[in-house]
Amino acid sequence: MSNNLENVLVEKLPIIDIQSYNEESKKKLVSKEIENACKNFGFFYIKGHGIEQELIDRLERLSKKFFSLDQSLKMKYRMELAQKAWRGYFVVGGELTSGLKDWKEGLYLGTELKDDHPLVVAQTPLHGLNLFPTPQEEIEYDIVGFKDTILSYIDKVTQLGHSLMELIAISLNLSPDYFSSRYTQDPLILFRIFNYPSIINNNDDNNKTGESSENIDDKVEWGVGEHTDYGVLTILYQDNVGGLQVHSKSGWISAPPIQGTFVCNIGDMLDRMTGGLYRSTPHRVELNRSGRDRISFPLFFDPNFNSCPTEIEGIEQIENKDDSSSRWDHFNIHSFKGSYGEYLLNKVGKVFPDLKNNVL
């Protein structure tokens, strides 16, 4: 198995303290930092975000316990069972990026919608109930509070997303409610809990625990292959193992874990709405060779499924708006016509092609 890692440059993403964003006098200063970060990187760290570390630590601890369960138990919550809701567990190598397997397993989750919700009644894809262990199963598996912790985390980070979108609007000289009044008052929230098993390099003398590289498909080279995110904003927690890399203007750079922060990046729809002024930036995750499993929690704060994101009227125009020739997927997101839901389904269908054929 080969892993052709390019040289990773020593360059740092900006860290933005948003603790004072509610103070009117400082809101503009914070939004200016966000403007610079979005124009230059498409990625930034935030601190002072107000999410309790105890909640994050609890979710990390319970998630590790879940992924340590026997495979047969985890498969009780496999994604196929959720049908159109597109929720549940997938196995290591079960998710594809650009047609190649990623070396991770995970849980797909989202806003909890009951069966009588209008969008569920209408059989809208990616909407519905999550697949959770029952209270009795939580006791049996020693993961008591897993469901409640996940839902609490989704709720709090979603609220953070609303606040960040206000700052992004201000950074573009728009009214603070620009995005919420058009696209994100009722956002599509997609939440993932990913576990990247550590692998053993058979030529490595270190005796580390993890998956043997003998079990890895020869085509697996990344924890997650190069990609951009689809919506407007991603808010990521990563544990202390690391491995995230970002393609900046000067090349690939590392985005290491920093205590007390989230990593934020803009997605394709914000790129589209800003006419390329704020680019959705490619990123990837290295194969985990640390000897410890890596946990991450990306929450995708996306436009409403039925909304149709369009370019902001009067937005500053840039040269080479169409960057499809250099994009990882060679897609021109500025020429796309239709709803966000249509764009998203086309993308996620390539991540799980078999599941798409069965349930969408």
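A hairpin joins strand 12 to strand 13 through 2 residues, where strands are DSSP runs of E of at least two residues, helices are DSSP runs of H or I of at least four residues, and both are numbered from the N terminus. This is a predicted model, in which local features need pLDDT of at least 70 and side-chain atom pairs count only at pLDDT 80 or more, while totals for chains, interfaces and linings use all residues. Residues are numbered from 1 along each chain as its sequence is written, and side-chain values use heavy atoms, with hydrogens and water left out.

- Strand 12 (residues 244–248) and strand 13 are paired in the antiparallel sense over 4 bridges, with Gln245 standing opposite Ser254 in strand 13; two strands count as paired if DSSP finds at least two bridges between them.
- These strands belong to an open sheet of 4 strands in the order 10-15-12-13, with antiparallel pairing.
- Strand 10 and strand 13 (251–254) stand at the edges with a single partner strand each, so one side of each has no neighbour in the sheet.
- From one strand to the next, the twist averages 25°.
- Strand 10 is joined to strand 15 by 3 bridges, and the two run antiparallel; Val224 stands opposite Val285 in strand 15.

- An open sheet of 8 strands has the order 1-2-14-11-16-7-6-3, and its pairing is mixed.
- Strand 1 (15–17) and strand 3 (88–90) are at the edges, each with a single partner strand, so one side of each is left without a neighbour in the sheet.
- The twist in this sheet averages 25° from one strand to the next.
- Strand 1 and strand 2 (residues 43–47) run parallel and are joined by 3 bridges, and the bridge partner of Ile15 in strand 2 is Tyr45.

**Helix packing**

- The axes of helix 2 (residues 53–67) and helix 6 come within 10 Å and cross at roughly 135°, the axes being lines fitted to C-alpha atoms over the stretch in contact and the angles running from 0 to 180 degrees between N-to-C directions.
- Helix 2 and helix 6 are therefore oblique to each other, a term for angles that are not under 35 degrees (roughly parallel), over 145 (roughly antiparallel) or 65 to 115 (roughly perpendicular).

**Cavity**

- The structure holds 1 cavity of 30 Å³ or more, a cavity being a set of points on a 1 Å grid over the protein atoms alone where a 1.4 Å probe fits but cannot get out.
- The largest cavity has a volume of about 40 Å³, volume being the space filled by probe spheres set on the points.
- Among the residues that line the largest cavity are Phe66, Tyr77, Leu107 and Phe146, where lining residues have an atom within 4 Å of a point.
- Strand 6 (105–110) and helix 6 (146–171) are the elements that give two or more residues to this lining.

- The largest pocket holds about 670 Å³ of space; a pocket is an open set of points with protein on both sides within 12 Å along at least five of seven lines.
- Of the 41 residues that line the largest pocket, the closest to its centre are His227, Thr228, Asp229, Tyr230 and Phe300.
- Helix 9 supplies the largest share of the lining of the largest pocket, 7 residues.
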